[in-house]
4 protein chains.
Amino acid sequence: MSTTEIEAAIAAVRAEVASLHAELVKYGLVIWTGGNVSGRVPGADLFVIKPSGVSYDDLKPSNMILCDLDGNVVPGSQGSERAPSSDTAAHAYVYRNMPDVGGVVHTHSTFAVAWAARGEEIPCVITAMADEFGGPIPIGPFAIIGDDSIGRGIVETLTGHRSRAVLMQNHGPFTIGVSAKDAVKAAVMVEDVARTVHYAREAGPLIPIPQEAIDRLFDRYQNVYGQSGDERR
Amino acid sequence: MSTTEIEAAIAAVRAEVASLHAELVKYGLVIWTGGNVSGRVPGADLFVIKPSGVSYDDLKPSNMILCDLDGNVVPGSQGSERAPSSDTAAHAYVYRNMPDVGGVVHTHSTFAVAWAARGEEIPCVITAMADEFGGPIPIGPFAIIGDDSIGRGIVETLTGHRSRAVLMQNHGPFTIGVSAKDAVKAAVMVEDVARTVHYAREAGPLIPIPQEAIDRLFDRYQNVYGQSGDERR
Amino acid sequence: MSTTEIEAAIAAVRAEVASLHAELVKYGLVIWTGGNVSGRVPGADLFVIKPSGVSYDDLKPSNMILCDLDGNVVPGSQGSERAPSSDTAAHAYVYRNMPDVGGVVHTHSTFAVAWAARGEEIPCVITAMADEFGGPIPIGPFAIIGDDSIGRGIVETLTGHRSRAVLMQNHGPFTIGVSAKDAVKAAVMVEDVARTVHYAREAGPLIPIPQEAIDRLFDRYQNVYGQSGDERR
Amino acid sequence: MSTTEIEAAIAAVRAEVASLHAELVKYGLVIWTGGNVSGRVPGADLFVIKPSGVSYDDLKPSNMILCDLDGNVVPGSQGSERAPSSDTAAHAYVYRNMPDVGGVVHTHSTFAVAWAARGEEIPCVITAMADEFGGPIPIGPFAIIGDDSIGRGIVETLTGHRSRAVLMQNHGPFTIGVSAKDAVKAAVMVEDVARTVHYAREAGPLIPIPQEAIDRLFDRYQNVYGQSGDERR
């Protein structure tokens with residue numbers, strides 16, 4: 001890619017990542033300055049992420065932070081006078097180790113965190129969950145911020161798993177996707193299924209969905225749903 | 001009907017179906033692109049339904065999809081370059097088999113899905129539910145997308161039943177009505193009663209309403225409520 | 001009062017009652033066309049109430065309905081071509097029998113209805129509830145629409161009771177106040193305490209508030225809170 | 001400080017306190033006229049607090065109330081014709097006795113009150129809670145309005161405690177901070193953790209976070225998070 005093409009790609013990801021944060025607010029997944037979205041810059045070893053501790057109302061393309069795949073802010077880039085999200089190391093670890101991932105999202109959404117605080121995976125008992133995640137939502141290890149342990153936990157849990165969401169124990173959901181938008185959709189859906197299955201189960205026994213039906217639903221949704229050419233992008 | 005009259009009827013249903021989707025958003029029944037409303041075109045073997053995988057913010061009369069009663073998109077009609085909702089076959093089955101139905105709605109609203117995941121009908125313990133549904137909200141069979149089994153499950157469950165809502169097991173609510181608006185009202189009300197009865201029951205035993213009182217409430221509401229001439233339309 | 005004065009009083013109550021319905025929407029107490037507010041016309045045997053089955057977005061002073069204390073629409077009055085709320089008889093009964101009541105509100109708000117479906121009064125375990133209601137929120141009898149039994153149940157339960165709210169069994173809350181605004185505040189507060197005490201109790205035993213403290217809180221709030229001269233009006 | 005400097009400081013705190021009330025509304029922590037924010041005037045023995053019983057829509061810098069540290073309204077100050085919040089004595093007690101506190105917030109937010117009604121501290125089982133509060137959220141004594149007992153309970157509970165939030169038994173949360181904004185953030189976060197841990201625990205046993213991990217998270221968050229120079233201010 002030429003420098004001009006890379007600049008254009010960065011600008012596009014800045015705009016997309018900045019605007020996608022509004023979806024987290026719209027669906028009630030975040031409060032105050034918590035939560036973050038990042039997006040990989042196609043064709044470059046770079047990604048764009050939210051700055052740390054900045055209000056959702058103040059996010060815009062120009063204050064998104066450009067990082068390399070080690071999670072270092074690119075010196076001199078737009079917005080580089082600010083610190084990136086405190087979860088940047090985890091995002092970077094995912095981009096380094098999962099080359100097909102184009103976007104990562106982290107929130108502390110209520111019901112997803114509730115399952116995480118019990119270290120309990122969400123069973124696949126509703127068809128929308130089979131469609132979207134192809135089975136249960138797994139739990140990742142307990143890991144605290146400060147080194148690669150959160151990123152490693154995400155990658156180890158989601159590699160080879162159908163689910164694009166992992167509930168890090170005592171912490172909360174991280175989601176991945178082929179794009180930042182796809183990861184945001186997974187963050188919205190994981191809270192929705194966490195909430196629905198919570199309420200379902202507290203009132204009595206759940207009816208399992210046969211594995212064969214889960215497989216058919218997942219396969220169909222990945223290949224048929226939406227307008228041709230734009231699914232999950 | 002003349003061609004002009006049919007065109008006018010189609011345009012009216014396109015406008016109504018497009019705008020009714022906003023009610024699903026307003027009442028928190030849907031997220032992302034999930035959920036769909038359809039409306040029968042009066043005087044023609046046609047119905048109008050939401051396109052698949054399109055954001056609620058982007059719905060408008062011109063991108064609604066016109067289908068025949070087999071669920072096939074009418075070739076050359078406005079918006080026919082897009083795919084209709086993935087639930088179109090179920091809507092079509094209902095229109096073919098229930099001639100009095102003028103509208104169908106499907107959502108994955110939280111509490112209705114929670115009852116569906118347990119395969120448990122909602123008991124009629126509040127007067128608003130007796131008014132609107134005339135008794136319990138029934139459960140439909142487990143059926144997955146891909147053939148007529150969802151549509152058949154809806155029709156078999158609701159034929160001869162007072163309820164305009166069915167909770168398809170492990171899936172979610174489908175509602176019918178004399179018009180698209182009436183089906184949307186049923187979708188709003190079924191989530192409301194699903195939520196209220198959920199909370200009521202988790203805190204202790206419920207007091208049943210005598211059948212005779214349910215009958216009187218249902219009869220009165222169907223015949224008296226609202227402004228004369230416009231009830232349920 | 002002169003005719004002009006009565007006309008002015010009616011116009012003022014029409015405006016107040018129409019606008020207060022927005023508070024029911026704002027606080028999530030009503031859906032679709034459910035719920036209603038009424039207000040007594042000072043100095044006349046009249047009250048103003050919401051029309052039946054009209055959308056909240058379409059309410060305005062001119063379509064509020066003017067009724068006499070038997071619940072009959074005043075012939076020829078503005079908006080009299082429409083039917084009043086189906087709960088008008090209950091409101092009228094309250095105005096006839098409780099001369100100090102200036103406003104009545106009815107909703108099907110979620111948590112208040114949940115307690116009503118169990119026929120269980122809400123215990124007074126939070127100080128805000130002692131302030132506002134002076135003790136538990138009582139349950140009224142099971143009564144269905146069609147005669148005076150709902151109105152009689154409200155009046156018999158609330159006469160001599162500190163609470164301005166009653167939960168009619170299997171039905172929902174009715175609240176009264178010195179004005180329509182005061183009754184709306186009671187409707188907002190009763191749902192809030194119904195919700196809070198629901199969540200409190202499902203997680204473990206509640207700590208009762210000593211009766212003497214309840215009495216002091218209630219007395220203080222009725223006499224001291226707010227700006228002098230405008231409390232509860 | 002010169003008189004002009006004090007006037008400017010008062011004006012700044014009036015503006016900040018007035019606008020911060022909107023955050024309480026935005027996050028659903030308050031209804032009607034309940035809840036209050038106050039902020040200390042830097043460099044003076046004064047604080048600014050909400051008036052009593054005034055609607056959130058009507059709050060503006062000019063009707064905030066200026067008080068001395070005994071909770072008396074400063075005679076002749078702007079807005080002094082109104083009564084200050086009925087919780088003013090508790091705020092004043094905190095400012096008198098905790099010189100590092102720059103802001104105080106009180107709400108009746110649903111889940112925080114639910115824990116308070118059981119007199120049960122919120123255990124620290126989620127990392128966001130370790131970050132923000134450094135451990136459990138403590139319960140304060142039962143105390144009713146009318147003397148210094150609420151203020152004393154807040155101060156005795158929070159002195160030497162990592163938490164900036166206390167749940168006063170049967171009453172609700174009070175939060176403190178280095179600024180009014182910081183106390184508002186604590187009020188938002190305490191409701192969030194109260195809600196999340198409520199749902200987590202009702203579905204099964206919680207996994208504790210090791211004390212050593214809580215300590216590291218709390219230490220890191222207090223010193224690293226956010227943009228340098230603006231954290232918690």
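Colleague: By what turn can chain A be laid on chain B?
Modeller: Copies are superposed by least squares on the C-alpha atoms of residues with pLDDT of at least 70 in both. Chain A goes onto chain B with an RMSD of 0.0 Å and a shift of 0.0 Å along the axis. The turn is 90°.

Colleague: Which kind of axis has that relation?
Modeller: A turn of 90° with a shift of 0.0 Å takes chain A onto chain B. That is therefore the relation of a four-fold axis.

Colleague: What kind of model is this?
Modeller: Residues are numbered from 1 along each chain as its sequence is written, while chains are lettered from A and ligands numbered from 1 in the order in which they are written. Side-chain values use heavy atoms, with hydrogens and water left out; local features need pLDDT of at least 70, side-chain atom pairs count only at pLDDT 80 or more, and totals for chains, interfaces and linings use all residues, this being a predicted model.

Colleague: Which residue of chain A comes closest to the rotation axis?
Modeller: Chain A is also superposed on chain D, by a rotation of 90° with 0.0 Å of shift along its axis. The C-alpha that comes closest to this axis, at 5.7 Å, is in Glu202(A).

Colleague: How many helices and how many strands are there in chain A?
Modeller: Both are DSSP runs numbered from the N terminus, helices being H or I of at least four residues and strands E of at least two. Along the sequence the pattern is α-β-β-β-α-β-α-α-β-α-β-β-α-α. The count is seven helices and seven strands.

Colleague: What radius of gyration has chain A?
Modeller: The radius is taken over C-alpha atoms, and the globule rule is 2.2 Å times the number of residues to the power 0.38. The C-alpha trace spans about 55 × 40 × 30 Å along its principal axes. Because chain A has 233 residues, a compact globule would come near 17 Å, and chain A agrees with its 17 Å.

Colleague: How far apart are the nearest C-alpha atoms of chain A and chain C?
Modeller: Contact means heavy atoms within 4.5 Å, and these two chains do not touch. Chain B and chain D are not joined by contact either, with closest C-alpha atoms 11 Å apart. For chain A and chain C the distance is 11 Å.

Colleague: What area is buried between chain A and chain B?
Modeller: Buried area is the accessible area (1.4 Å probe) that two parts lose on being put together, summed over both. The contact takes 33 residues from chain A and 29 from chain B. Carbon and sulfur atoms give 62% of the area, which is about 2700 Å².

Colleague: Which element gives the largest share of the side of chain A that touches chain B?
Modeller: The elements with two or more residues there are α1 (3-26), α4 (127-133), α6 and α7 (211-223) of chain A. The largest share is eleven residues, and it comes from α6(A).

Colleague: How many residue pairs are in polar contact between chain A and chain D?
Modeller: A polar contact is a pair of N or O atoms within 3.5 Å; within protein, one must be able to donate a hydrogen and the other to accept it, and residues adjacent in sequence count only if both atoms are side-chain atoms. The interface of chain A and chain D takes 29 residues from chain A and 33 from chain D. With both residues at pLDDT 80 or more, the count of pairs is nine.

Colleague: Which element gives the largest share of the side of chain A that touches chain D?
Modeller: Both α3 (110-118) and α6 (180-202) of chain A supply at least two residues to that side. The largest share, six residues, comes from α3(A).

Colleague: How many salt bridges are there over all chains?
Modeller: A salt bridge is a side-chain nitrogen of Lys or Arg within 4 Å of a carboxyl oxygen of Asp or Glu. The interface of chain A and chain D has zero, and the count between chain A and chain B is zero. Over all chains the count comes to 40.

Colleague: Which residue forms a salt bridge with Asp192(A)?
Modeller: The two partners are three residues apart in helix α6 of chain A, so about one helical turn separates them. The closest N and O atoms are 3.0 Å apart, and the partner is Arg195(A).
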